[in-house]
Every structure is written in C-alpha cells, then in structure tokens.
Amino acid sequence: MKVGILDSTLREGEQTPGVVFTVEQRVEIAKTLSQLGVSMIEAGHPAVSPDIYEGIKRIIKLKKEGEITSEILGHSRAVKKDIETVAEIEADRIAIFYGISDIHLKAKTKNTREEALQIIAEMISYAKSHGLKIRFTAEDATRADLQYLVEVIKTARDAGADRIGIADTVGILYPQKTRELFSYLTQQVPEVEYDIHAHNDLGLAVANSLAAVEGGATIIHTTVNGLGERVGITPLQTVAAALKYHFNIDVVKLELLPKISSLVEKYSGIPTPPNFPITGDYAFIHKAGIHVQGILNDPRSYEFMPPETFGRTRDYVIDKYTGKHALKDRFERLGVNLTEEELEQVLAKIKSNPSVRFYRDVDLLEIAEDVTGKILKPRPPEKIEGIISIKCDSNIYTTAVTRRLSVIQGVKEVMEISGDYDIIAKIEAKDTTELNTIVENIRSVKGVASTLTSLVLKKM
C-alpha cells in the first residue's frame, strides 16, 4: 500500500474563521512539517494576498537550499493569472481546482458541463506550458454525476495532470461509499494518482480518508489539529496514528506530532480540545478505577498504542472514581508509603467529596497528613534557606576551602561534590540582609572562583 500525507494547514487551515498566519509563522510551520516528514506541503494560494505570496516564496527558497524536503504546492483557480503567479514563484507543483458538481456549475461558475470541461483542459494545458507539475482537484466531486466525474478526470489527465484530487467538499461521504468510489475511479482512469480531500462535516474525515486509501488513493490531505473551512478536514495526528496502527505505515515521525500540534495551536489561536485524539491533554490520561488498575498491570488493556510512540506519557486522575490500586501507586510515586488501613481512610475521604473534579498531589498529601498525623508535603522554610554551589580555582586544595567555609556564620553544612561545581554549602539566614552577608563571606574565601545561589522555596 502506497500512501503519503499532503498537509494543507497553510492553505485550508488558514481558511478557518479567525485564523491568520504571519509570513514568519508560515515559514516556521512549513519547516516543522518538513521535519515531521510530510510528503507534500500545500503552502497557500499566492494570488490571495501579498503576505501569502511572500510566505510561499520564502518556503520555496528554503526548499531550494535543502532546509525543507517536502514537495511544495501553490494553490490556484482555473484562471491564467493564478497559474502565472504560481509559475512565477517556482513552486514544485500547482494545485488547480474547479467545482464540477451541477450545484457548483449553476450557482458559482454559471457554466455548462461542456464549458467546464473546456476550461479545465485549457487551464491545465496552460499550466503545463509553464513547466509545472499539476494536480487537478475536482471540487465537490462527491456530489457530481459519477460518469461526468470520470469525464472530468480523463480531460484533466489528457491535458497534463498527473494527480487528481477528489474533494468531498461538504463531507457527505461515508467509508463504504468512499472505498467504492476510489476503487471505481482508479479502474476507470488508472493513468493518474489520486488524492482524498475529506471535509469533516459529519465527523467521518479520518474514516473516509482510510477508506480512500483502501480504494487506491495515494495521498491524504490533512491539516494540523483538523483546521479548515467550517469544521475542518482530516486531522494530521489522527490519520497518521490510524495508518500506523491499521497498516503499519509510517507517514510522518509520530513522536513529533505534539510539537507541530502545539505550534499550530499557538499561531492559529484555536485551542485544541483536551479530548482531541493523540495530542489532546487527555489522550493518555485514565480515570475509572478499573481502567487505572488495568494500565498499571498492563498498559495495553486500555491503550491502543504506547503514548511514547507519540512523544507522550500516560497518567491518571484521582477523584471519586479512583480505586485503591491507583491511590497506592500515586502515593508511591510521591514517595509516601501508607498502610492498607490508611489508604482506605484516604480513599473514603476522597469518595465523600464527589463534587471535586480531581485531586492534585498537594491535595492528596494534605488528606494523608490528616489521616496519618505526619508532615508529608513540602512547606516554605521559616527562615531564608539556600544552596550555594561553589567552583574553586584550579590550583587550590578543595578541602582547605571546605574547612574555611564551614566556620562562616550561617553556613550549616558543607559538602565536596563532583561535576561542574566543587563544593555545595547549605546556608540559613533570618532576612535578605543576612543572606547577602553570608554569600559575600563565602565569595571572599581564598580559592573560591565563582558561586551560584539557589533559594529553598519548599522543603519536607
């Protein structure tokens, strides 16, 4: 099975309401997508605005310099001016689109089917004459007459397009129909390769993209975090994980998905829901007691793939659903050993407060302190305490410096250590004035080359 990812975050993704990328942001997103390993980057529609033009131009420059390795596409209407603009910036490929459903022909372009075929053939030939590789996208293909769609694809192929994009523009496909459609098209017109551009209006974009691949599509269009018109298109993170799980195909470096997701979240201003697949905050966090017991014994019981595959880690929340296994594990991770009886008492207190959404570690320690009568959680020191890391001159005897430091008032403990520093001194002062005095006294000791002061914020 042959399949790759075309990411359209910089084109389709910027069509999300409220999203605008600066030139610098476009370049950074493109570089990160290339590092991720996507096959193609749809860098935008250069005729839309000067900033998009400049952003694509800079991305193509980086491609020529070898810093970006993905194929770079420029988007284009089926008009000569757009085609000339894409040719001018020297994109690797032009992506020409034209609405071919009767709805689009009547409501948008006001052309007959025959007139549309003539325009498609003419504009693809014009792009070919400029030396461009061409993908033709049949917009609203999934609502077009099937035999007319075949005629459109043959026209585009004969005019010079080597890739055909099938756009489910309003997201009305379902997997079986998608698989059948692509199987049929690849049989009827086999001399081209096919892309699937699946919108997510019915929440089926990932499923339809996988079905299209089963039917013969070789490129899936995605956006990071599923951005795009209305509710967006196929999310990159989800479909990449699904391809790995179901077909053992690595279309991107999965461990870098959190990086690109966070970057696009930051620049788009669209927060990713915590329950978003793969990169959402809750993707590998468990709650119910039976679930947590399962993952503590064998993570496969409630995880389809290890979170480390995606650069993530697993965790679980503590609340009224929590069982004793989870509670015991959490306290052990906090370095606190409780008896079975004490665990039962802590658990009873947790379950007696059902309105609490989740318990933080500090909350758990407070409950455990109440149950055991012991001090278990860190508290601010009553006086100013600090750790002074000391580097000695290279020609000095370290033990001699250690002895001199040990007699300074306010120095409570001195240790010789290995590493970047030679000595650590623990100090205690009643106020900042006394703290400064102690530090200056340490610095004045013969043989002390430099110091680094760290204040103790909390301690057990």
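Student: Leaving aside its neighbours within four places in sequence, which residues is Arg11 in contact with?

Tutor: First, a note on the source: this is a predicted model, in which local features need pLDDT of at least 70 and side-chain atom pairs count only at pLDDT 80 or more, while totals for chains, interfaces and linings use all residues. Residues are numbered from 1 along each chain as its sequence is written, and side-chain values use heavy atoms, with hydrogens and water left out. Contact means heavy atoms within 4.5 Å. With neighbours within four places in sequence set aside, Arg11 is in contact with Glu42, Gly44, His45, His75 and His197.

Student: Is Arg11 buried or exposed?

Tutor: Arg11 sits in the loop between β1 (4-7) and α1 (23-36); helices (H or I, at least four residues) and strands (E, at least two) are DSSP runs, numbered from the N terminus. Buried means under 20% relative accessible area, exposed over 50%, and partly exposed in between (1.4 Å probe, protein chains only). Because its relative accessible area is 11%, Arg11 counts as buried.

Student: What is the volume of the second largest pocket?

Tutor: On a 1 Å grid over the protein atoms alone, a pocket is an open set of points where a 1.4 Å probe fits, with protein on both sides within 12 Å along at least five of seven lines. Grid points are joined across faces, edges and corners, and a volume is the space filled by probe spheres set on the points. For the second largest pocket this gives about 250 Å³.

Student: Of the residues that line the second largest pocket, which are the closest to its centre?

Tutor: Lining residues have an atom within 4 Å of a point. Strand β5 (residues 133-139) gives the most to this lining, with three residues. Of the 15 residues that line the second largest pocket, the closest to its centre are Arg11, Glu12, Glu139, His197 and His199.

Student: With which side chain does the side chain of Arg135 make a polar contact?

Tutor: Arg135 is found in strand β5, and at 2% relative accessibility it is buried. A polar contact is a pair of N or O atoms within 3.5 Å; within protein, one must be able to donate a hydrogen and the other to accept it, and residues adjacent in sequence count only if both atoms are side-chain atoms. At 2.8 Å, the partner of the Arg135 side chain is the side chain of Glu42.

Student: Which side chains make polar contacts with the side chain of Asp195?

Tutor: Asp195 lies in strand β7 (residues 193-198) and is buried, with a relative accessible area of 0%. Another, of 2.8 Å, is with His221.

Student: How many nonpolar, polar and charged residues are in the lining of the largest pocket?

Tutor: About 350 Å³ of space lies in the largest pocket. Ala, Val, Leu, Ile, Met, Phe, Trp, Tyr, Cys and Pro count as nonpolar, Asp, Glu, Lys and Arg as charged, and the others, Gly among them, as polar. The lining has six nonpolar, one polar and four charged residues.
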